[in-house]
Amino acid sequence: MSTPTQTASQAPSGLARLRELWNDYLPYWFMTPMVLVMLLITIFPGAYDLYLSLVKYQLTDPNTVGQFNGLANYERVFTSGGAINSFVITITFVAGALALETGIGFVLAALVTGVKSDRMQTFYRIIFIIPMAVAPVSLATIGRIMLNTEIGIIPYMIQQFTPFVAPNFLSDVPLLTVILVDTWNWTPFMFIIFYAGMSSVPKTLLEASRVDGAPLWRRYVHVIIPYMKPVLFVAILIRLIDLFRTFGLVFSLTSGGPGTATELVSINIFQTGFTFVDLGGAAAIAIVYLVGIIALCNILIIKVGFEGVWD
Amino acid sequence: MATVDDPRQPDSRLSKTNRERLVAVGRHAALLVWSFVVLFPFYWIVSMSLKPPRDAISLPPDWIFLPTVYNYIQLLQQSSFVNAFFNSVFMVSASVILVLLIGVPAAYVLSRYDIPKQRDVLVWILSSRMLPPVAVIIPFFVIFRALNLYDTRIGMIFMYITINISLVVWVMKAFFDGIPETLEEAARVDGATQFQAFRKVILPAAKPGIFSVAIISFIFAWIELLFSLVLTNNNAVTVTMQVYQFIGVRQIEWGMLAAATTATIIPVVLFVIAVNRYLAAGLSFGVVIKE
């Protein structure tokens with residue numbers, strides 16, 4: 001930041017004027033760097049993606065780079081099948097992981113909140129949040145080692161201790177495996193937020209419903225869940241947004257394969273752009289994806305969020 | 001803590017306590033099962049990293065073995081890995097400091113002043129988190145090459161700022177909202193300038209919030225893979241990128257791979273255990289703040 005500081009104690013008149021400027025326009029100084037960064041990271045990539053999506057930008061063919069291409073890039077997105085396929089896979093992945101993480105996270109939060117001893121609560125809470133600290137690429141490494149058909153401990157234990165035949169996780173049920181690994185990684189996020197929300201449900205409310213003799217499930221449906229609505233909404237919204245961003249875990253666990261079984265849109269864009277060096281085509285997919293995600297988030301935030309949570 | 005779900009059916013006294021005991025046992029059994037699910041992969045990867053290469057992948061596994069640091073010594077001799085590790089530490093720390101310098105003052109203004117279209121500004125800020133990084137990376141790839149920022153630490157630090165800025169602004173706005181305005185008014189009456197009131201009164205009061213966003217920002221930048229995959233090559237390579245290359249390119253030496261993975265997760269895991277109290281506030285964008 002190139003803003004004047006106010007350390008000089010006996011400031012000459014020039015410095016004093018600067019100091020005045022600094023104090024009188026403080027809100028502007030405070031906002032400017034953030035606004036500049038935001039312009040750079042939202043408007044610029046969006047506009048540049050839009051531009052790229054309308055031109056030829058194939059690095060294998062440098063002579064045509066920058067030639068106006070009309071909607072040809074978009075046409076390819078909607079006719080090639082690869083992109084459409086990756087949209088379907090992404091939605092399956094997001095829906096599956098979000099459902100599992102929300103469900104397990106909620107149950108864990110309810111179970112831990114019910115633990116009588118504070119010390120044990122802290123113990124479980126610490127253990128349960130640990131997976132979140134593992135980088136996707138490290139988790140992918142662990143997954144590859146533990147799920148490997150030849151050296152993996154998990155298939156080995158399934159064969160030894162259960163009557164089932166272990167599938168080859170990464171090639172027979174790749175999408176399910178990816179969902180389960182993501183669930184291991186990110187259930188902690190849901191758990192910790194739900195836990196904080198549940199701990200803040202006023203005891204008097206719970207006592208009242210208990211005195212009324214409300215059974216367990218009714219206490220959740222009529223007291224706890226309504227009280228936690230803002231918390232549930234924010235947690236699910238943030239997780240939803242982040243699931244649509246998923247890249248590192250799936251890329252390093254399966255690279256989108258086998259075939260295109262786990263090729264999320266983010267991987268499809270990456271491969272179009274950086275493996276096939278077709279930046280124009282990749283930008284067209286990115287634009288379609290962006291429009292979809294932003295529309296979805298705006299509906300959720302404006303229709304649900306501001307009416308139930310923030311206002 | 002509130003006991004949320006112990007069913008108290010009208011029943012005889014003895015069977016009620018029995019029932020409660022049964023519920024407690026069931027509860028702990030379920031929680032221990034999940035603890036096992038969480039902890040076993042850590043146990044497995046750490047124990048594998050401590051086995052001699054020959055035994056690392058033998059099945060049935062040696063549950064009892066003499067630990068060796070052989071794999072770690074091998075790893076430390078890989079200067080590319082060690083460099084990448086410290087590179088990550090430096091770039092991620094620098095980005096966290098910068099993102100706080102940019103985001104915290106802005107959040108303060110958003111909390112205290114009436115900005116036209118306040119709600120739209122906030123959604124705009126949040127929207128930077130909705131942009132999938134892979135869509136953002138293509139323009140930055142082109143522009144980084146043009147500006148000679150490709151494979152530089154400055155470029156990577158900037159990219160890390162883009163990941164975390166919305167988080168910092170949203171969480172800190174919620175924190176500033178919770179600090180009574182009378183605090184700074186009192187300071188102003190005592191003759192402090194607006195900036196002095198911010199620095200000496202408001203910032204200290206917001207410390208827990210700043211601490212929690214700093215932690216979360218650190219983690220989000222530390223685990224990032226895509227940016228270093230596309231924007232680095234040699235000088236600015238990150239530790240996640242190194243682990244990725246371990247899986248991909250080289251002939252797999254399982255013990256060393258386990259050691260590398262352990263080296264990347266243990267520091268962050270210890271960090272998270274140490275600061276777990278602050279995580280909820282930071283993660284939930286301030287909606288859940290106080291317990």
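How many helices and how many strands does chain A have? Chain A has 15 helices and 0 strands, where helices (H or I, at least four residues) and strands (E, at least two) are DSSP runs numbered from the N terminus. This is a predicted model, in which local features need pLDDT of at least 70 and side-chain atom pairs count only at pLDDT 80 or more, while totals for chains, interfaces and linings use all residues. Residues are numbered from 1 along each chain as its sequence is written, chains are lettered from A and ligands numbered from 1 in the order in which they are written, and side-chain values use heavy atoms, with hydrogens and water left out.

**Chain A as a whole**

- The radius of gyration of chain A, taken over C-alpha atoms, is 26 Å, well over the 19 Å that the globule rule (2.2 Å times the number of residues to the power 0.38) gives for 311 residues, so chain A is more spread out than a compact globule.
- Along its principal axes, the C-alpha trace of chain A spans about 70 × 60 × 40 Å.
- Of the 311 residues in chain A, 53% are buried; buried means under 20% relative accessible area, exposed over 50%, and partly exposed in between (1.4 Å probe, protein chains only).
- Looking at contacts in chain A (heavy atoms within 4.5 Å), residues 24 or more positions apart account for 66% of those with a separation of 6 or more.

- The size of an interface is often given as the accessible area lost when the parts come together.
- Here chain A and chain B bury about 10000 Å² between them, 80% of it on carbon and sulfur atoms; this buried area is the accessible area (1.4 Å probe) that two parts lose on being put together, summed over both.
- In chain A, the residues that lose the most area to chain B are Phe30(A), Trp184(A) and Arg245(A), together 7% of what that side buries.
- Chain A brings 112 residues to the contact and chain B brings 102 residues.
- Between the two chains there are 8 residue pairs in polar contact (both at pLDDT 80 or more); a polar contact is a pair of N or O atoms within 3.5 Å, where within protein one must be able to donate a hydrogen and the other to accept it, and residues adjacent in sequence count only if both atoms are side-chain atoms.
- Helix α2 (residues 26-53) of chain A gives the most to the side of chain A that touches chain B, with 19 residues.
- That side of chain A divides into 82 nonpolar, 18 polar and 12 charged residues, with Ala, Val, Leu, Ile, Met, Phe, Trp, Tyr, Cys and Pro counted as nonpolar, Asp, Glu, Lys and Arg as charged, and the others, Gly among them, as polar.

- Arg129(B) makes a salt bridge with Asp242(A), and the closest N and O atoms are 3.0 Å apart.
- Asp242(A) also meets Arg245(A) in a salt bridge (3.5 Å, N to O).
- Arg245(A) and Asp242(A) sit 3 residues apart in helix α12 of chain A, about one turn of the helix, and both are buried.
- A polar atom of the Arg245(A) side chain lies 3.4 Å from the backbone oxygen of Leu131(B).
- Leaving aside neighbours within four places in sequence, Arg245(A) is in contact with Ser128(B), Arg129(B), Leu131(B), Pro132(B), Pro133(B) and Ile163(B).

**Other salt bridges**

- Over all chains, the count comes to 7 salt bridges.
- Arg239(A) pairs with Asp182(A), with the closest N and O atoms 3.1 Å apart.
- This pair links distant parts of the chain, 57 residues apart: Arg239(A) is in helix α12 (residues 229-245) and Asp182(A) in helix α9 (residues 174-199) of chain A.

- Lys173(B) forms a salt bridge with Asp177(B), the closest N and O atoms being 2.7 Å apart.
- Because Lys173(B) and Asp177(B) are 4 residues apart in helix α7 (residues 153-177) of chain B, about one helical turn separates them.
- Lys173(B) is buried, with a relative accessible area of 15%, whereas Asp177(B) is partly exposed, at 42%.
- Gln118(B) belongs to helix α5 (residues 118-130) of chain B and is buried, with a relative accessible area of 19%.
- Apart from neighbours within four places in sequence, Gln118(B) is in contact with Leu110(B), Tyr113(B) and Lys173(B).

Terms used:
Salt bridge = Lys/Arg side-chain N within 4 Å of Asp/Glu carboxyl O.
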